[in-house]
Every structure is written in structure tokens, then in C-alpha cells.
Amino acid sequence: MNYKMMGKFISRILLVEAVFMTPALFISIVRDETAAVAGFLLSMMIILLLALVLMLLCSRASKGFYAREGLVCVGASWIVMSLLGCLPFFVSGEIPDFMDALFETVSGFTTTGATVLGDIESMSHGLLYWRSFTHWLGGMGVLVFVLAISSGGDSKSGFTMHLLRAESPGPKVGKLVPKMKTTAEILYAIYILLTILNIIFLLIGKMPLFDAVCTALGTAGTGGFGVKNDSIAGYSPYLQNVCTVFMLLFGVNFTCYYMLLIRQLRCVWRDEELRLYFATVLASVAVIAWNIRGLYATAEETIRHAAFQVASIVTTTGFATTDFDLWPSLSKLILLTLMLVGACAGSTGGGFKFARLLLILKSIKRSVRQVLQPNKVQVVRINNQPISERVIENTHAYLSIYVLIIVVSCILVSVDGFSVTTNISAVIACFNNIGPGFEAVGPLCNFAGFGYLSKLVLIIDMLAGRLEIFPIFILFSGAAWRRR
């Protein structure tokens with residue numbers, strides 16, 4: 001295990017985190033938010049000191065870096081980043097309980113959007129901005145960002161590829177271009193451009209600048225932290241529709257946008273995951289709009305709320321314009337199913353991913369055909385490309401672990417005495433990085449009622465869900481820490 005190389009890279013993560021606290025500190029100074037200023041200054045000093053110590057201790061790190069180091073480095077980086085990123089909330093006293101501050105921060109970085117706060121609007125503007133910015137930073141991945149700006153990636157050692165594979169969502173991660181650093185730069189360029197476009201469209205609808213920036217950061221990261229107690233419900237229909245469109249856009253595999261940039265329109269049109277994604281969204285909106293048609297005054301309002309909530313849930317964003325916990329059972333069941341599926345691989349959304357769902361469905365189809373024609377070789381193809389048996393096996397293994405984690409987590413959080421619906425939806429909402437669930441954790445409620453054990457379980461679920469399980473779970477494996 002190359003501990004020094006891992007420590008060197010984590011020190012860069014901490015430097016990036018401290019630098020990104022600067023705008024929040026500036027906002028707090030301008031608005032004369034004394035407690036928040038003190039919280040950010042002390043937190044930044046602690047983070048910079050730890051980064052300096054790590055840099056000095058790991059200055060002579062060797063370049064050898066393999067898949068094991070990549071997984072451990074990613075898991076450890078996200079834990080350290082969350083533990084230190086929650087300090088401004090805790091030190092300022094605005095979230096006085098450290099476990100609550102950690103829960104809120106992990107929810108931010110993992111783009112979950114689950115909150116323990118009852119009165120969001122009472123929080124200082126600097127901390128509200130930092131809270132929303134954790135979504136943006138965690139959406140594409142802080143390690144991807146560091147790779148984009150760093151010159152330290154050693155392609156021969158597999159340094160960049162192992163890190164990107166460990167942090168990026170999806171059953172299979174590849175390069176857009178030959179160099180991984182350039183791939184990271186392209187991904188973040190697209191990410192920044194879409195975020196800026198989102199802010200512009202929100203400003204056109206006369207949303208205040210601060211609200212527009214924070215909302216766009218939450219939308220881009222498909223996180224769901226808002227600056228209002230009623231989430232997006234208080235804004236105009238135009239602004240709600242803008243959020244709907246951009247949530248769906250950020251739920252698309254970013255490779256599709258790159259293909260559009262290089263004018264490979266046919267590849268985008270033929271992308272099977274993309275077609276399944278939009279077909280599912282359209283079908284869900286149609287069924288839910290029909291199911292809730294008597295709850296709202298006009299057809300426009302009915303379709304708007306249905307489309308917004310479908311987009312919010314399927315992309316695992318978690319914004320809300322209405323209390324969907326009051327919708328009929330059919331609509332809630334559709335939303336629960338969308339919670340499990342999530343967005344596309346290679347997007348900022350969470351969940352099981354449409355790419356894995358497509359792979360599972362094609363594997364089932366192949367199994368049926370093999371029963372009928374046992375001697376015929378059946379190859380699973382996606383976008384006319386054969387999928388290796390190793391990827392298929394990994395997907396089935398992922399599904400097994402995915403279900404097991406949900407079951408075990410539901411059992412553990414049940415000690416707090418909430419209803420089965422609350423417990424199941426809370427676990428699914430956290431593990432799939434969605435945010436709101438049903439009943440006691442519905443869109444108008446929060447997670448403050450859970451005890452320390454349940455919050456710790458949900459924190460682990462959020463991290464495991466965002467990092468696709470293995471980088472977090474390998475930290476608890478003795479084999480990962482043994483020397484070669």
C-alpha cells in the first residue's frame with residue numbers, strides 16, 4: 001500500500017476544500033455574519049494545517065499507484081473531506097451537534113439533500129452557500145476536479161485512471177480522450193457551462209442572484225439543498241420548469257454532451273441508456289399526471305408538479321414543489337421505483353443507474369433465450385457493443401450487495417421506532433442520494449428525529465451510494481491495508 005502517495009493526494013483535496021470555503025467566507029464578511037466568519041476562519045486554518053503536515057510527511061512519495069490504492073484513497077478522501085467540511089457548521093454554532101453537522105455535510109458532498117434542519121432560512125448566507133456548494137463539488141467529484149487542475153497524474157502508474165474509476169458512477173468507466181487529465185478537464189468544462197446556463201435562465205425568471213446561484217449549484221450536483229423552507233414551491237411556474245429541465249439534463253451521461261460537441265449526433269440518438277431514461281421519465285409523468293389529476297386546479301399545474309417531482313426523484317436531486325407524500329399510492333410507488341433506479345451512469349445523479357438496469361434486463365433476456373437454445377452463444381450488447389462477462393458479473397454482484405445494504409440498513413434504523421415506510425424510504429433516499437422520502441422524512445419533514453446510530457448508518461449509506469459501494473466498504477477490509 002502506497003501510503004505516502006495517498007497522503008500526498010489527500011493533502012491536495014484538503015487544499016481544494018479550504019480554497020473553496022473562501023467565497024462562503026467572503027459572503028459571511030459582506031453580510032456581517034460574525035459567527036459564520038469565525039467558523040470559516042478557524043475551519044480553514046485547521047484544514048490548511050493538516051494539509052501542510054500531510055504534504056511534509058509525504059513529500060517523497062513514490063509513483064506506484066494501483067487499483068487498491070485508488071479505492072482506498074477515494075474512500076478515505078471523502079471521509080476526511082466530510083469530517084473537516086462540517087467544521088464551519090459546528091464551530092459557528094449554527095448546527096451545534098457534531099453528528100448533525102456531519103450528517104448535513106455528508107448529505108451535501110454526496111448530493112443527497114437529506115437535512116436535519118427545520119428552519120433553513122434562519123441560517124446565515126455564508127453557510128447556506130457552502131451547504132449548496134458542497135453539492136456542486138461532490139456532484140462531478142472533487143477528485144475529478146483535482147485531476148483536472150493537477151499536473152501530478154502519472155499515466156504510467158495508472159494514478160488517474162484508478163482514481164477516476166473509483167469515484168465516477170457507472171458499471172464501466174472509460175476515457176473520452178487518450179489522457180485522463182484531459183478527460184477530467186472536459187467533464188468539468190461541460191459541468192461549469194451547464195451550471196452557468198442554469199443560473200442565467202433562473203435570473204431571467206427574476207430569481208434573486210443568491211437564490212439562483214445556490215439553486216443552480218444544487219441542481220447541477222443533483223443534490224436538492226435549497227435556501228427556502230418550502231424548497232422550490234414558492235417560486236414561479238417558469239422557475240420550476242427551468243429546474244425541471246436542468247435536473248433532467250444533469251441526469252444524462254456527460255459523455256453524450258461530449259459527443260454532441262464533436263458532432264456525433266447519431267451516437268447520442270442511438271444511446272440505449274439515454275432512450276430508456278427519457279422513455280421512463282415520459283411514461284412516469286404521464287401516469288402520475290393522470291393519477292393526481294383531481295388534486296390540482298388546472299391541467300398545467302398537474303403536469304408541472306408531476307414532471308418536476310419525476311425529474312427530481314429520477315435524477316436523485318430531491319427538490320420539491322408540493323407534498324408528494326399526499327399523492328395516491330400509485331404515484332408514490334412510481335416515485336419509490338424511480339428512487340431505486342436513479343439517473344444515467346456518468347451523470348451527477350445517484351441510484352442504481354439506468355445503465356445497470358439495462359444490463360440486468362438484457363441479461364435476463366439472454367437467460368431466457370439460453371433456456372430455449374442452450375447450445376447457441378448469446379452475447380449481451382449495448383449500443384451494438386458486446387459487453388464482457390466480467391462487467392455483467394460485476395453488475396450482478398453490485399445488485400446483490402445493493403439489496404443487502406438496504407435490508408441491513410432498514411433493520412438498523414428501525415431501532416428508533418419509526419414506521420416501516422419511513423425507515424425504508426429514509427434508507428433508500430440516503431443510499432441512492434435522493435434526499436426526501438415518505439411520511440416522517442417526507443418533503444416537508446427532515447431527518448432530525450433519528451438517533452445517533454441511525455444517523456451514522458445513513459451517513460455510511462450516503463457515502464457508499466455516492467461512491468458505488470466498493471471504495472467505502474474496502475476501507476473495512478483487512479486485505480486492503482496489507483503490504484504487498
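What percentage of the 484 residues in the protein is buried? In this predicted model, whose residues are numbered from 1 along each chain as its sequence is written, local features need pLDDT of at least 70, side-chain atom pairs count only at pLDDT 80 or more, and totals for chains, interfaces and linings use all residues. Side-chain values use heavy atoms, with hydrogens and water left out. Buried residues (under 20% relative accessible area, 1.4 Å probe, protein chains only) make up 58% of the 484. The protein has 23 helices and 2 strands, taken as DSSP runs (H or I, at least four residues, for helices; E, at least two, for strands) numbered from the N terminus.

The axes of α6 (residues 98-109) and α21 (residues 452-466) come within 10 Å and cross at roughly 20°, the axes being lines fitted to C-alpha atoms over the stretch in contact, with angles from 0 to 180 degrees between N-to-C directions. Helix α6 is therefore roughly parallel to α21 (angles under 35 degrees). Contact (heavy atoms within 4.5 Å) involves residues including Leu102, Phe103 and Val106 of α6 and Leu456, Ile459 and Leu463 of α21. By class, this contact of α6 with α21 has 10 nonpolar, 1 polar and 2 charged residues (nonpolar: Ala, Val, Leu, Ile, Met, Phe, Trp, Tyr, Cys and Pro; charged: Asp, Glu, Lys and Arg; polar: the others, Gly among them).

Helix α7 comes next. In α7, 15 of the 16 residues are buried, and the helix is followed by glycine 141, whose phi is positive, near 110°.

Note on methods: Parallel < 35°, antiparallel > 145°, perpendicular 65-115°, else oblique. Buried < 20%, exposed > 50% of the residue type's maximum accessible area, 1.4 Å probe, protein only.
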